[in-house]
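Hello,

Here is the structure you were to receive. My notes on the aromatic residues and the ligand site follow below it.

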Amino acid sequence: MRLLVTGGCGFIGTNFIYLMQERHPDWKIVNLDKLTYAGNRKNLLAIENNADANYSFIHGDICDKTLVTNIIEEYQIEAVVNFAAESHVDRSINDPAPFLTTNIQGAQNLMECARQAGLEKFVHVSTDEVYGTLAKNEPAFTEDNPLIPNSPYSASKAGADLMARAYFETYNFPISITRCSNNYGPYQFPEKLIPLMYTKAVAGEQLPIYGDGSNIRDWIYVDDHCTGVELTLLKGQPGRAYNFGGAAEKTNLELVRELLSILGKDESSITFVKDRPGHDQRYAMDFTVAQNELGFSPSVTFAEGIRKTIQWYQDNELWLEEVKSGSYRDFMAEWYGER
Ligand code: NAD
């Protein structure tokens with residue numbers, strides 16, 4: 001297969017490319033990434049420097065129609081997996097505009113270029129956050145739940161999901177959507193909960209937890225999500241959305257306590273800070289459809305995955321240092337400094 005992966009230098013895209021190279025060495029992977037603050041080309045140097053790898057990197061924007069059209073033509077692309085996005089909720093609260101540009105217009109541009117080229121497979125990577133929020137006793141989200149997003153980030157992702165639906169209904173465009181819960185694992189940018197708390201704990205800093213820490217998220221090890229995307233690419237039905245989850249619901253406070261316990265640290269550094277505006281109480285995923293149709297099930301338990309993840313960060317201190325020294329630092333100072 002000749003596959004265009006967008007946003008491959010981000011957290012999930014990097015893990016996806018490594019996994020697909022391992023599982024499908026015959027696939028040609030072309031990675032289109034704008035290299036925003038969250039994109040790190042160095043993540044994939046091992047593949048770029050491997051002359052035998054079937055891989056090309058292109059620095060560019062998914063909103064650029066000429067570029068995307070040329071890539072599809074030049075590399076004879078057969079399928080697209082769209083990971084490219086502005087992905088951080090707090091940043092979307094600060095400034096929603098780039099979220100609309102990349103997450104909606106960029107996604108639509110990719111769909112349009114792929115449609116015009118007659119591509120037969122497109123996987124659009126979305127999120128559980130498009131479903132809005134759940135109360136503690138409500139059943140987990142199914143694919144039939146309405147899209148009721150609450151943050152500018154989730155609204156932008158829901159916008160692309162609706163556009164994907166429209167492309168299928170209007171043009172019979174062969175697009176499938178994946179909706180997944182919170183990922184964790186290697187290469188995650190340290191603005192997200194687990195690497196943020198890890199870096200702060202290791203530095204002996206306060207660990208800021210929103211509100212009273214009772215918000216619940218479902219956690220999935222990143223490779224399991226990548227497997228879900230792979231299965232969707234290989235077996236997903238056009239016009240369908242598939243939920244993926246890790247069957248590991250935890251409050252934010254439980255998660256941070258578990259992390260501190262693995263690191264052998266006490267809980268005195270936990271600090272509760274003013275809640276995030278519009279903070280969803282709970283996300284939970286019912287992934288029965290993916291289980292039945294695609295043969296998906298999460299293979300890594302949270303207890304295993306969190307240890308693997310911490311080990312990776314301990315082994316890759318230089319990666320963390322390099323990432324933290326970029327523009328991320330200014331954002332963190334501004335965001336957590338004023339709260
Ligand atoms: P990330 O922020 O780590 O990476 C995003 C990547 O997209 C970066 O490499 C960035 O440079 C690139 N990018 C941004 N704008 C671009 C543009 N206009 N053109 C080309 N490239 C661009 O994000 P992530 O956590 O790896 O998430 C990947 C996808 O998975 C996103 O669509 C996100 O909504 C979705 N998702 C993430 C999670 C999670 O827990 N992280 C859960 C469910 C779904």
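I start with W312, which is buried at a relative accessible area of 14%. Please keep in mind that this is a predicted model. Y313 is also buried, with a relative accessible area of 1%. Both count as buried because the cut-off is under 20% relative accessible area.

The count of aromatic pairs comes to 19. W312 and Y313 form an edge-to-face pair, with 5.1 Å centre to centre and 90 degrees between the planes. Ring pairs also link these two residues with Y18, Y187, Y198 and W319 into a cluster.

Two arginines sit over tyrosine rings. The charged end of R91 is 3.5 Å from the centre of the Y37 ring, and R115 lies over the face of Y171 at 3.8 Å from the ring centre.

Now the ligand. There are 28 residues around it, of which I12, D33, S87, Y153 and K157 come nearest. The shell divides into 12 nonpolar, 12 polar and four charged residues.

- a ligand oxygen atom at 2.7 Å from an N or O atom in the side chain of K157;
- a ligand oxygen atom at 3.0 Å from a polar backbone atom of T36;
- a ligand nitrogen atom at 3.0 Å from a polar backbone atom of I62.

Taken alone, the ligand exposes 830 Å², and the protein buries 97% of that. The elements giving two or more residues to the shell are α1 (11–23), β5 (121–127), α6 (152–171) and β7 (182–184). β5 gives the most, with three residues.

Regards

Notes
Residues numbered from 1 in each chain as written. Predicted model: local features only at pLDDT ≥ 70, side-chain atom pairs only at ≥ 80, totals over all residues. Heavy atoms only, no water. Near = heavy atom within 4 Å. Polar contact = N/O pair within 3.5 Å; in protein donor to acceptor, adjacent residues only side chain to side chain. Areas by Shrake-Rupley, 256 points an atom, 1.4 Å probe, with all protein chains shown as cover. Helix = DSSP H or I, 4+ residues; strand = E, 2+ residues; numbered from the N terminus. Nonpolar A, V, L, I, M, F, W, Y, C, P; charged D, E, K, R; others polar. Phe/Tyr/Trp six-rings, centres within 6.5 Å; stacked < 30°, edge-to-face > 60°. Buried < 20%, exposed > 50% of the residue type's maximum accessible area, 1.4 Å probe, protein only. Lys NZ or Arg CZ within 6 Å of the ring centre and 35° of its normal.
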